[in-house]
Amino acid sequence: MSRTVPPRLAILGAGPIGLEAALCAATLQLPFTVFERGRVAEHVRRWGHVRLFSPFGMNATPLGLAALRAEQPRRDLPGEGDHTTGREHATAYLEPLAALPSLRERIQSETAVVQIGRRGYLKEDGVGDARRAQQPFLLLLRGANGRERVEEADVVLDCTGTYGQPRWLGDGGIPAVGESSSRPHVAYGLEDVLGERRSAYADKTTLVVGAGHSAATTVCLLASLASQHSATWVVWLARGPGSQPLKRYVNDPLRERDLLCGKANMLATRGDGSVEFHPQTLVEAIETAGPDAGFLVQGRSGGEQKVWQVDRVIANVGYGPDTSLYRELQVHESYATLGPMALASALLKHAGSDCLTVPPQGAAALRNPEPNFFILGSKSYGRASNFLLRAGFEQVREAFALIANKPSLDLSKKR
């Protein structure tokens, strides 16, 4: 991108990827603003009690570490091999990054990006026309007080993630009967059942839906709670047919992941204790009378109709991208993952692969038909679950190589 005047950047989201993008923009002396719907590291804070699989060295960058040490040479940081919780990572790394003088005045928290458009253009206008790229983006923003305003940007980097967009419980990906009205009373994230949410789950029967690492984490935490509160019971439902819900990797280098998978599979298969596991199970209907009124859940398990009466429901069924932000932009979406098509196509050959084996896909895969609009981080993977933070950090470098028109850009050498 060659411009006499530096492009104005809008970075959406102040999580790990958004803050890395902000740091890159500051290092290149590009004008930027970060818009964050909640607080800095909002999503990380929401699951802050959970320990990351990947060590700290994979969740920080040379650029970020150098910036922190330049500001405070004796700063106490986790070791490269340390496994921090989300809350510890936010406190030790993300919050200090956001507080750097080069970033803190550029971050607008409690500011939601409602939608993005192009000045003078609708979605269907100017297809393939270079003049479209000459007009600025328009960002409709809404502050904490509910007031709205519009700001312009020349480049937009959407780093908003997916954690705030849970998927539905029902068969076929649609809401189960009654789920829409029950949604305020269902937990769709990673509940802190051993901490601040302990009283809500102790000596209760909880139905957990899902067969990924989030569901495994929830089940293991509830099983730990049951060891201290004997009336605690867990009904675990998974869509797949396997008696062991979690896939394990031979000589898994992510030891924390392997320990979780081993423990969860043991709880699913041992047939005693506080967990009953139901594979090949689909949720068809859910009913509740309101907060703390319990749930009646209907489904099919192994082809038979089942009904469960439970106190709590936790739906760890995955997350998806909020594509409504760019409905008026020319973004080619994957019909399978809802991620941007160029990247989704590149990732297709790695579908189902271990996240550690997915290589960078290159800067070209980040381009969209909408010029200067980039989707980075977990949102760029859409519904695919094999995303690692280090992949997002590499995306940031690749995006800024395009923005600065420097293919071999390496910002870590600038500090």
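**Cavity, pocket and a covered helix**

The lining of the largest cavity divides into five nonpolar residues, two polar residues and one charged residue; here Ala, Val, Leu, Ile, Met, Phe, Trp, Tyr, Cys and Pro count as nonpolar, Asp, Glu, Lys and Arg as charged, and the others, Gly among them, as polar. The structure is a predicted model, in which local features need pLDDT of at least 70 and side-chain atom pairs count only at pLDDT 80 or more, while totals for chains, interfaces and linings use all residues. Residues are numbered from 1 along each chain as its sequence is written, and side-chain values use heavy atoms, with hydrogens and water left out.

A cavity is a set of points, on a 1 Å grid over the protein atoms alone, where a 1.4 Å probe fits but cannot get out, and lining residues have an atom within 4 Å of a point. One cavity of 30 Å³ or more was counted. The largest cavity has a volume of about 30 Å³, a volume being the space filled by probe spheres set on the points, which are joined across faces, edges and corners. Its lining consists of Pro-16, Glu-20, Asn-59, His-89, Tyr-93, Leu-94, Leu-97 and Phe-393. Helix 5 (86-98) provides the largest share, four residues, and helix 1 also supplies at least two. Helices (H or I, at least four residues) and strands (E, at least two) are DSSP runs, numbered from the N terminus.

Phe-393 of this lining is also among the buried residues of helix 13. Helix 13 (residues 389-403) has 15 residues and reaches 21 Å from its first C-alpha to its last, close to the expected 21 Å, which is 1.5 Å times one less than the number of residues. Of its 15 residues, 12 are buried, that is, under 20% relative accessible area with a 1.4 Å probe and protein chains only. These buried residues pack against several elements, including helix 1, helix 3 (56-59) and strand 7 (155-158), where contact means heavy atoms within 4.5 Å. Just after helix 13, Asn-405 takes a positive phi of about 55 degrees.

Thr-27 lies in helix 1 (residues 16-27) and is buried, with a relative accessible area of 18%. The side chain of Thr-27 reaches the backbone oxygen of Leu-23 at 2.7 Å.

The second largest pocket, an open set of points with protein on both sides within 12 Å along at least five of seven lines, holds about 340 Å³ of space. Among its 13 lining residues, Arg-51, Thr-217, Leu-221, Glu-256 and Leu-260 are the closest to its centre. Helix 10 (213-226) and helix 11 (255-269) each give two or more residues to this lining.

Methods: Buried < 20%, exposed > 50% of the residue type's maximum accessible area, 1.4 Å probe, protein only. Polar contact = N/O pair within 3.5 Å; in protein donor to acceptor, adjacent residues only side chain to side chain.
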